[in-house]
Amino acid sequence: MTELGIPVFNTPGANANAVKELILCGMLLGSRRVIDGINHMKKLGEEGVARDRVEKDKAMFGGRELKGKTLAVIGLGHIGASTARDASELGST
């Protein structure tokens, strides 16, 4: 890329915090089935029955807490170590 006039920089760890935050976000979204719930409500909205079904259907997407769950981290570089540390603060082991 440098030969093409495009500057290239090696910045190890520069985006590690952003990646860690996305990992934790994914863990929270997945454990609580948030995306499934959003998609379900969109579908019900398109069918015109969302208002009638929201209370009844919310139990379908209760999810689980991260507290007490075991997280496997492969690699303890900047991202892995930071993810493990913050997951531990959330109560994961």
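Before I start, one definition: contact here means heavy atoms within 4.5 Å. The model I am showing is a predicted one.

Let me begin with helices H2 and H3. His40, Met41, Leu44 and Gly45 in H2 meet Ala50, Arg53, Val54 and Asp57 in H3. The axes of the two helices are 9 Å apart, and the packing angle is about 150°. That angle makes H2 roughly antiparallel to H3, since anything over 145 degrees counts as such. The crossing of H2 with H3 is right-handed.

Now H2 by itself. This helix covers residues 34-47, which is 14 residues. From first C-alpha to last, H2 reaches 20 Å, close to the 20 Å expected at 1.5 Å a residue. Which residues of H2 are buried? They are Gly37, His40 and Leu44. Looking down the axis of H2, these buried residues fall within an arc of 65°, so they line one face of the helix. That face packs against helix H3, residues 50-57. Lys42 and Glu46, on the other side of H2, are exposed. Just after the helix comes Gly48, with a positive phi of about 80°.

Staying with this pair, look at Asp57, which sits in helix H3. Is Asp57 buried or exposed? Its relative accessibility is 4%, and the cut-off for buried is under 20%, so Asp57 counts as buried. If we set aside residues up to four places away in sequence, Asp57 touches His40 and Leu44. Both of those are on the list of buried residues of H2.

Next is the loop between H3 and H4, where we find Gly63. Gly63 has a relative accessible area of 40%, so it is partly exposed. Leaving out neighbours within four places in sequence, Gly63 is in contact with Ser31 and Arg32.

H4 has twelve residues, which at 1.5 Å a residue should span 16 Å; the end C-alpha atoms are 17 Å apart, which agrees. The buried residues here are Gly80, Ser82, Thr83 and Ala87. Seen down the axis of H4, they fall within an arc of 165°, so they line one face of the helix. On the other side of H4, His78, Arg85 and Glu89 are exposed. H4 is followed by Gly91, whose phi is positive, near 100°.

What covers the buried residues of H4? The cover includes H1. From H1, the residues involved are Ala16, Val19, Lys20, Ile23, Leu24 and Met27. They meet His78, Ile79, Ser82, Thr83, Asp86 and Ala87 in H4.

Key: Residues numbered from 1 in each chain as written. Predicted model: local features only at pLDDT ≥ 70, side-chain atom pairs only at ≥ 80, totals over all residues. Heavy atoms only, no water. Helix = DSSP H or I, 4+ residues; strand = E, 2+ residues; numbered from the N terminus. Expected span 1.5 Å × (residues − 1). Buried < 20%, exposed > 50% of the residue type's maximum accessible area, 1.4 Å probe, protein only. Arc of directions from axis to C-beta. Axes fitted to C-alpha atoms, helices over the stretch in contact; angles between N-to-C directions. Parallel < 35°, antiparallel > 145°, perpendicular 65-115°, else oblique. Left-handed = near helix turned anticlockwise from the far one by under 90°.
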